[in-house]
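Please follow the explanation below with the sequence and the model side by side.

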Amino acid sequence: ASTPAEINSGRAKCWCTFQGSGTAAILDSFNMDSLSDTGTGTYQVNIITDFDSANYCGQGTVTFSSRGVVSFDSIAAGVMTITTREAHTGTATDYGKVSVMGVGDQ
């Protein structure tokens with residue numbers, strides 16, 4: 001349980017872990033309600049309670065890969081659009097497990 005002061009000081013306001021390869025699907029999440037696979041290595045994650053603006057911090061990681069990276073193509077108050085890619089080539093790639101989160105004012 002978090003107090004309102006703890007939440008306001010920067011606790012994650014939304015997070016999502018999803019299956020990025022095969023049929024993309026949310027594995028577990030908080031304050032994120034849907035995921036769209038929009039192409040190889042590209043996804044859109046929809047946030048339930050929007051941020052106040054697009055000026056929040058998005059962070060992501062690819063699990064079980066030393067070369068996979070997550071880049072945020074766009075961040076809006078209620079949606080994150082991300083691409084997972086190979087760090088050494090820049091090639092968009094589907095990965096088995098991807099996690100993203102957002103921290104900011106809601």
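Serine 36 is partly exposed, its relative accessible area being 31%; here buried means under 20% relative accessible area, exposed over 50%, and partly exposed in between, with a 1.4 Å probe and protein chains only. Serine 36 belongs to strand β3, where strands (E, at least two residues) and helices (H or I, at least four) are DSSP runs numbered from the N terminus. Leaving aside residues up to four places away in sequence, serine 36 touches Thr42, Tyr43 and Gln44, contact being defined as heavy atoms within 4.5 Å. Threonine 81 lies 45 residues from serine 36 in sequence, yet the C-alpha to C-alpha distance between them is 9.4 Å.

The model is predicted: local features need pLDDT of at least 70, side-chain atom pairs count only at pLDDT 80 or more, and totals for chains, interfaces and linings use all residues. Residues are numbered from 1 along each chain as its sequence is written, and side-chain values use heavy atoms, with hydrogens and water left out.

Strand β8 (residues 97–103) pairs with strand β1 (residues 14–19) in an antiparallel arrangement through six bridges; two strands count as paired if DSSP finds at least two bridges between them. Within this pairing, phenylalanine 18 has valine 98 of β8 as its bridge partner. Strand β5 (residues 57–62) is also joined to β8 by six bridges, and these strands run antiparallel.

Asparagine 31, in the loop between β2 (25–30) and β3 (32–39), has a positive phi of about 65° although it is not a glycine. Phenylalanine 64, in the loop between β5 and β6 (68–76), likewise is not a glycine and has a positive phi of about 65°. Is each of these residues buried or exposed? Asparagine 31 is buried, with a relative accessible area of 11%, whereas phenylalanine 64 is exposed, at 79%.

Phenylalanine 30 is found in strand β2 and is partly exposed, with a relative accessible area of 44%.
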